[in-house]
Each structure stands twice: as C-alpha cells, then as structure tokens.
Amino acid sequence: MSAAPNPVQPIPILIVPHPALKARARAVTPADAAQLRDLIPRMFAAMYAAPGIGLAAPQVGVGLRLAIVDLMPEEKPAPIVLINPEIVAASAELATREEGCLSLPGHYADVTRPARVSVRYSDPEGARRELSADGLLAACVQHEIDHLDGILFTDHLSPLKRNMILRRLAKEQRQKQAR
Ligand code: NI
C-alpha cells in the first residue's frame, strides 16, 4: 500500500503595507537549517502558484536573508536558492525594466538598476557560490536582495509614482476585504 505523497502547502504571501516587508532580515546560520528545509519548498510552492519569478523570505513573514528565484527558461523549472546573498560587483551601466512584486499584486513600474551584477551566496547545502547575472535575472536578484533590507521596488520610484501605486493597492485591498 502506498500513501499519497504529502503535498507541499504554499506559504501565504504578505501584501504591502505589512510591517514585515519593511524590516531588515538577519543572516541565516546553521541553526536555521531545519526551518529552511521546511520553508524553501513552501516558498517555491507559493511562488509557482502565484505565479512569480522571485520571492524573498520577508514576503512570507520570515526575517531571514533567504530568497528564491526561477525565471522558468523555456517553461522549465530552474530554481535558484540564495542564502545570505551579497552583491559583490555591479556594472556602471544601468538598465530599466518593468518590475512587479507578489507583495504588490497587479502593480508594475519601470525600475532602473545596474544592468549586471555578481552575487555571492550560499546554496542549501552550505556551499558558497557566485552568480553573474544580466538582463531579467540581474533585475530579479537585485529586487529580491532589496527585500532582505526591507526595500520594495516602489522605493526606487519617485514619491508621486510610489504613492499612486500604494494608494491604489490599499483601495483594492479594502475592496477585497469588503467582499
Ligand atoms: Ni518583490
């Protein structure tokens, strides 16, 4: 007899203005290993269900320096787990792309960032790795690392644009709760 596999429960994603989204996360230590084993699959389940291409632990209420990314190249999963990621080099050249965020559902804006970055991080097995990214991946890892410092993509916009998005989002969330 075989039991059905236990499906991984997606972890709920917090929506702006939840205060956890503005807090600086602390470094992951070996003592966090058990929590990470449970958390990482639940974060991937939430990200793929949304769907999204990146998710940081503070977005699910966990104040650890952990983020996941999957650009799904050619529709195939290519998961990346970034533990204690650090940008160690950034190009002087900038690039502007439209960004969105699972914590600000339905809202998008152009954000300008370094076009290329190198990121040093640990993988779930504890190996130190380095990733050189350009294009969408570069924007995505910078966006996710920002989350670890309580920074949202709207913080890169002019106050006028930022407030417009935040006001619309707040109104939509009120209407959603009223339904
Ligand atoms: Ni985001």
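Biologist: How many bridges join strand β3 to strand β6?

Modeller: Please note that the model is a predicted one. Strand β3, residues 80-90, and strand β6, residues 116-122, are joined by five bridges, and the two strands run antiparallel. One of the residues concerned is alanine 90, whose bridge partner in β6 is valine 117.

Biologist: What is the order of the strands in the sheet?

Modeller: The sheet is open and has five strands, in the order β1-β2-β3-β6-β7, with antiparallel pairing. At its edges stand β1 (54-56) and β7 (128-134); each has a single partner strand, so one side of each lacks a neighbour in the sheet. From one strand to the next, the twist averages 40 degrees.

Biologist: Which strands does helix α1 touch where it packs on the sheet?

Modeller: Helix α1, residues 33-49, touches β1, β2 (66-69) and β3, and its direction makes about 40 degrees with that of β2. Helix α2, residues 135-148, also packs on the sheet, where it touches β1, β2, β3, β6 and β7. The direction of α2 makes about 125 degrees with that of β7.

Biologist: With which residues is leucine 66 in contact, leaving aside its neighbours within four places in sequence?

Modeller: Its contacts include Leu36, Leu39, Ile40 and Met43, as well as Ala56, Val81, Ile83 and Leu148.

Biologist: How many disulfides does the structure hold?

Modeller: The structure holds zero disulfides. For cysteine 140, the nearest cysteine sulfur is that of cysteine 101, 10 Å away. A disulfide would need the two sulfur atoms within 2.5 Å.

Biologist: Why does cysteine 101 count as buried?

Modeller: A residue counts as buried when its relative accessible area is under 20%. Cysteine 101 counts as buried because its relative accessibility is 9%. Cysteine 140 is buried too, with a relative accessible area of 6%.

Key:
Residues are numbered from 1 along each chain as its sequence is written. This is a predicted model: local features need pLDDT of at least 70, side-chain atom pairs count only at pLDDT 80 or more; totals for chains, interfaces and linings use all residues. Side-chain values use heavy atoms; hydrogens and water are left out. Two strands pair if DSSP finds at least two bridges between them. Helices (H or I, at least four residues) and strands (E, at least two) are DSSP runs, numbered from the N terminus. Axes are lines fitted to C-alpha atoms, for helices over the stretch in contact, and angles run from 0 to 180 degrees between N-to-C directions. Contact means heavy atoms within 4.5 Å. Buried means under 20% relative accessible area, exposed over 50%, partly exposed in between (1.4 Å probe, protein chains only).
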